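Please examine the sequence and the three-dimensional model shown below. The explanation that accompanies them is meant to be read with the structure in view.

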Amino acid sequence: MTVNKEVYSDGRSGMSGLYPMIQDTPNAERFACSVGQEHNDNGREAINNRAAHVFGAYPPASKRAQTSWYKDPVLNNHINNHINEQVTSYLRSNDCLKPYHQNTQRGIKSDTNNGMQPVGKFERMERLADHAVSTIDQAMTHAEVAQPIRLSFQLMTRAEPAAMVIATIKSLLAIKAADDEILIIDNNHTKRELYEPLADFCDGLDPHLNVHFYHIDAVAGFKSGALNLALGLMDPSASHVVVVDSDYQALPHARDAIISAIHEYPEHALLQFPQFYRDADKADVHSELNHYFNHHLHRFFNRQRALSTGTYAVIRRDALVGLGGWSGASITEDAQMGVLLHRMGLHSRFIPKVIATGILPTTLCDLIAQRQRWVYGNAQVLNSYFVRPASLTADSSANTNVSQTMGERLQYMRAHFSQLSAWINFTGIFIVLQICTLLIVLAALIIGAQVDMAMLLTPLYVVYAAYGVFLLRRLWAYAQDRSPLNQQVAQHVTPTFINKLRAWALHLNFWEIGALSWWPVLWGRDKPFVCTPKQVVISNRRSVWQANVCALPKLLLILNIITLAVTSPLSALYSPLLFVSALVVTVLKLWSAKIAFDNYGYHPEVNDRYADEHDTYDEINNTVNQSCVIKNNVAKNKKTARDNITKNKHPNNTDPIKKYMAE
């Protein structure tokens with residue numbers, strides 16, 4: 001189904017009429033808590049309505065176990081006593097569990113015959129109340145556990161190549177269960193040649209496959225806005241949302257792995273599977289990007305408190321609705337959502353199993369733009385980390401982990417800062433210090449100031465000490481990377497130390513980005529969401545080289561070349577330590593640039609492969625254009641036929657006098 005400007009839900013119930021766009025503020029507007037209430041209460045239908053009313057204010061034991069607010073034993077006893085009192089009052093009034101009241105005397109006689117101490121009428125009812133508490137609690141927990149798992153695979157696309165998205169949809173069709181759904185939200189562009197092939201493909205599928213396509217020209221809130229639309233349009237009976245990037249093709253065992261993880265961690269609101277890539281011609285880029293999943297997120301303290309990384313995040317629908325949908329406070333909405341889930345006392349986990357593969361950014365410029373977005377978005381989350389959203393401060397106090405011990409809080413903070421700062425480094429202040437020092441030294445040399453030049457170079461020792469700590473820490477991290485995810489795909493393949501060195505060197509291309517790109521967050525500057533393009537522009541060797549030179553950050557390279565000249569043996573300010581330090585950084589930056597060129601250089605055989613894919617895209621687009629022409633002709637013929645029928649049914653009854661005068 002394709003609609004411009006507006007999106008309809010095909011008559012679905014639930015959240016079909018509610019599409020509030022979450023704004024870019026920590027105090028974002030949230031979906032109402034009543035949304036999806038019908039779905040959440042399905043497990044209570046078989047329970048006595050009166051008893052359900054008594055327990056309505058308190059979650060069952062399964063919920064208490066995952067919410068630290070209920071871990072306080074004193075508070076827990078108070079709650080249980082209050083429940084017992086209310087149930088007992090209903091028992092006394094014959095309003096609830098009436099059969100037990102009628103058989104009370106029979107029960108007392110039975111106790112006496114069995115040698116037990118007889119108890120009073122209402123004491124026995126209190127025992128029954130305790131039993132009712134346990135029975136209803138178990139029934140509600142069983143209803144939650146026994147609820148069937150239905151997945152809603154949700155693809156957010158924006159001006160993506162149609163053939164690539166169709167291949168992703170086909171991979172999902174191959175693994176989905178009959179009651180799963182696939183939801184595609186194409187948004188924020190008006191290129192008919194890109195979204196109409198998707199619409200035609202989805203329209204041609206069997207309706208029983210449960211594939212729904214929507215296009216909307218403009219959605220507020222970037223990707224988070226589109227995800228909120230999907231949350232409103234999805235089948236309310238689906239239990240979990242599976243976020244899928246448009247280029248990530250599911251492997252045959254994907255759904256089985258998802259269901260297995262849900263059964264293994266039933267109380268977890270978020271299960272994050274790793275990203276993995278199928279590009280064979282960019283091995284170093286693959287290693288550098290997957291270092292986050294192979295080493296960083298794979299560590300035990302991060303694995304138990306994983307933030308979402310977007311694609312193939314499996315999220316419980318009720319948790320996401322309870323959170324208020326996706327927040328637009330950051331352009332990395334996935335990480336923001338993970339932090340907010342943890343604040344609600346919900347759990348998450350990283351599942352280190354490769355279940356899908358995507359494609360890498362097609363150009364070096366796109367790779368750098370993607371990294372800038374990650375750095376900036378994670379910095380936005382960090383910047384608002386200690387700002388508590390209004391939606392979590394009032395009515396949701398019972399759902400937040402306000403009673404966490406200091407140790408638990410520190411563990412979550414450690415995991416959050418570890419994951420959010422994975423692409424960020426804090427050498428920016430030292431880069432600025434190096435710039436200022438070199439400007440002062442050069443100014444003093446130009447004007448011939450009578451100052452101690454050696455003293456002016458003192459800050460550079462601090463600068464290179466900080467650079468050394470940064471380089472050695474990152475080198476140690478890459479050396480510890482055992483690449484467990486790669487070994488799942490290619491067994492008995494262990495990366496060599498040279499492979500790790502090349503991945504580390506490639507990472508140095510993003511040194512300045514990680515050091516400086518997040519600074520504008522501090523003064524509140526907004527950065528637009530930049531979608532990583534998947535289209536490949538066929539170029540020649542010279543244009544590729546020029547594009548790569550323009551894309552690479554060059555600030556540190558220029559600064560260290562100037563430092564080399566100032567502290568060289570030919571200079572009056574010669575300093576062996578500074579000269580060697582600047583030389584090492586310069587060589588490392590040149591080596592990292594060479595590795596980037598090796599991965600994103602001009603490869604004719606790869607371009608030929610992409611050219612074939614572009615021929616496929618052109619063929620699809622031509623087919624769509626032809627079908628549009630045919631549709632227009634058919635519509636025109638139908639209109640003509642309709643007009644002729646109308647004329648035959650309603651002949652022209654003109655005035656006879658006027659007709660005579662006209663003749």
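The model is a predicted one, and the annotation of its spans comes from a database record. In an unreviewed entry, UniProt assigns the feature "transmembrane region" to residues 422-447, 453-472, 544-566 and 572-591. Two of these spans may be compared with the model. Residues 453-472 are 95% helix and 0% strand, and their end C-alpha atoms are 30 Å apart.

Helix α25 comprises residues 541-551, and its buried residues are Val-544, Asn-548 and Ala-551. These three lie on the same side of α25, because they cover an arc of only 65° around the axis. What does this buried side of α25 pack against? The partners are α16 (364-383) and α27 (576-600). The face of α25 turned away from the buried side carries exposed residues, namely Arg-542, Trp-545 and Cys-550.

Leu-442, Leu-445, Ile-446, Ile-447, Ile-558 and Ile-562 together make a nonpolar surface patch of about 580 Å². Which helices supply at least two residues each to this patch? They are α18 (428-447) and α26 (555-566). Of the contributors, α18 gives the most, with four residues. Leu-445 is located in helix α18.

Ala-159 has a phi near 55°, which is a positive value in a residue other than glycine. This alanine is placed in the loop between β1 (151-157) and α8 (162-175). Is Ala-159 buried or exposed? Ala-159 counts as buried because its relative accessibility is 13%, the cut-off for burial being under 20%.

Asn-210 likewise is not a glycine and has a positive phi, of about 65°. The loop that holds Asn-210 runs between α9 (192-203) and β3 (211-216). Asn-210 has a relative accessibility of 16% and therefore counts as buried.

Notes:
Residues numbered from 1 in each chain as written. Predicted model: local features only at pLDDT ≥ 70, side-chain atom pairs only at ≥ 80, totals over all residues. Heavy atoms only, no water. Patch = residues over 30% accessible without salt bridge, like charges linked within 9 Å, V, L, I, M, F, W, Y side chains within 5 Å. Areas by Shrake-Rupley, 256 points an atom, 1.4 Å probe, with all protein chains shown as cover. Salt bridge = Lys/Arg side-chain N within 4 Å of Asp/Glu carboxyl O. Buried < 20%, exposed > 50% of the residue type's maximum accessible area, 1.4 Å probe, protein only. UniProt positions renumbered as here; feature names shortened; annotations may be inferred. Arc of directions from axis to C-beta. Contact = heavy atoms within 4.5 Å.
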